[in-house]
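Reader: Hey, I'm new to reading protein structures. Could you walk me through this one?

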Amino acid sequence: MLVTLYGGNDGLNTVVPYADPAYHDARPELAYTGEEIKRLDDEVGLNPALAGLHRLYGEGRLAVVRGVGYPEPDRSHFRSMDIWQTAEPQRPGNTGWLGRWLDRAGSDPRLAVSFEPAMPPLLAGERSAGASVPVTERKASRVLPEATIAELAAAAPEDTPARARAAACFADLRSVDQMIREVRDAEAAADQEPDGEAAPATATGGSRTPLDAQLDLVAQCVEAEVSTRVFSVSLGGFDTHADEKQLQEVLLGQVDRAVSGFMDRMARTEAGRKVVVAVYSEFGRRVRANASDGTDHGTASNTLLLGAGVRCGLYGEPPSLTDLDDGDLRVTTDFRDVYATLLERVLDTDAGAVLGGWRGRLGGVL
């Protein structure tokens, strides 16, 4: 499962190099002390809002990959996210990296599902695409009745190529809709059992956030053992140019409660223990704070990997805070190393065929 943090999450205040004097010199008002953070070792720790992830690290279910990015970084949100989602840094891509995997895996849209408001480009392939199921779907009125959709989905021998393609699209819509309906019906039935042990996906202890709702539905699908191999969820708001510290803590707190609660729920079932979660953002932030107590668009950041099959630890060379590239962190881990490892170790596919022959890997993390 991919968790996208839109807006460019500040990696230096997520995985905090609290023992480095250069960190405190560069952002005196934004820096955390060693007493404030959740320590991972004698040099780095997690943001104070990440208590749940800190616990998962202690339990051996979290890996932190540092210095992740791509060559010749672009500070545009749109271009950088396009690069992350297509895995093609050299030129604008027309397909997402998981869409290309889907092309090879059989093109069934149920294999790759997004619970975001719109399907992200990363699930778009050359011949196929994943499915988008907004979590508020159950509250929306259906434009066409089921009988009409069934008629539109029915293929006939005399169909033109365009009509056959349209019928296939409606058939895909019905198959995804049926899968989600069955999952939700099963969850509703479990909730009505007097002795049922069904639990919410995220024990937030507070108001339900969009990420909570998305992960709740992912958890239901995993527990129902649907055919989906890839889920995509997201949370936005990380473009912290001003008054960053409090805002980022609020957002990271939402991520922490939702993701750690989801991981605890996944630990209860065999299917859940096979799940691997990757958390990333399109770029990090500048090392030095700006004049508005925020940070501007930067480059390298961290990727978090979670799951029962993850080998806990710190991976990748930590970028230097003094040897900078025009004020930005230098990339020490290519993001395609992370993707290739997930493709091979989680999705059991030829990573080189999906990533244009890319040969880098993250050793030992899964």
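This is a predicted model: local features need pLDDT of at least 70, side-chain atom pairs count only at pLDDT 80 or more; totals for chains, interfaces and linings use all residues.

Author: Let's go through some strands, a helix pair, the cores and a few single residues.

Reader: Okay, strand 1. Which residues of strand 1 are buried?

Author: L2 and T4 are buried on one side, and V3 and L5 are buried on the other, so both faces of strand 1 (residues 2-5) are covered. Buried means under 20% relative accessible area, exposed over 50%, and partly exposed in between (1.4 Å probe, protein chains only). Strands here are DSSP runs of E with at least two residues, helices are runs of H or I with at least four, and both are numbered from the N terminus.

Reader: Why two sides?

Author: In a regular strand the side chains alternate between the two faces of the sheet.

Reader: What does strand 1 pair with?

Author: Strand 1 pairs with strand 8 (residues 230-235) in the parallel sense, over four bridges. Strand 9 (residues 277-281) also runs parallel to strand 1, and four bridges join them. Two strands pair if DSSP finds at least two bridges between them. As examples, L5 stands opposite L235 in strand 8, and V3 has V279 in strand 9 as its bridge partner.

Reader: What's the order of the strands in the open sheet of three?

Author: The order is 2-4-3, with antiparallel pairing. Strand 2 (15-16) and strand 3 (38-39) are the edge strands, each pairing on one side only. Strand 3 is joined to strand 4 (residues 45-46) by two bridges, and K38 stands opposite L46.

Reader: Switching to helices. At what angle do helix 2 and helix 8 pack?

Author: Helix 2 (residues 51-58) and helix 8 (residues 244-266) pack at about 35°, and their axes are 7 Å apart. The axes are lines fitted to C-alpha atoms, for helices over the stretch in contact, and angles run from 0 to 180 degrees between N-to-C directions.

Reader: Which residues meet there?

Author: From helix 2, A51, G52, L53, R55 and L56 meet D256, V259, S260, M263 and D264 of helix 8. By class, that contact has five nonpolar, two polar and three charged residues. Ala, Val, Leu, Ile, Met, Phe, Trp, Tyr, Cys and Pro count as nonpolar, Asp, Glu, Lys and Arg as charged, and the others, Gly among them, as polar.

Reader: And the largest nonpolar core, how many residues is that?

Author: It has 47 residues, and F115, F262 and L306 touch the most other members. Helix 8 gives the most to this core, with eight residues. A second, separate core of 37 residues includes M81, L102, A112 and A351. A nonpolar core is a set of buried Ala, Val, Leu, Ile, Met, Phe, Trp, Tyr and Cys residues joined through side-chain atoms within 4.5 Å.

Reader: What does L306 touch?

Author: Leaving aside neighbours within four places in sequence, L306 is in contact with residues including L53, L56, V259 and M263.

Reader: Last one: where's T228?

Author: T228 sits in the loop between helix 7 (210-223) and strand 8. T228 counts as buried because its relative accessibility is 9%. A polar atom of the T228 side chain lies 2.7 Å from the backbone oxygen of R110.

Definitions and conventions:
Residues are numbered from 1 along each chain as its sequence is written. Side-chain values use heavy atoms; hydrogens and water are left out. Contact means heavy atoms within 4.5 Å. A polar contact is a pair of N or O atoms within 3.5 Å; within protein, one must be able to donate a hydrogen and the other to accept it, and residues adjacent in sequence count only if both atoms are side-chain atoms.
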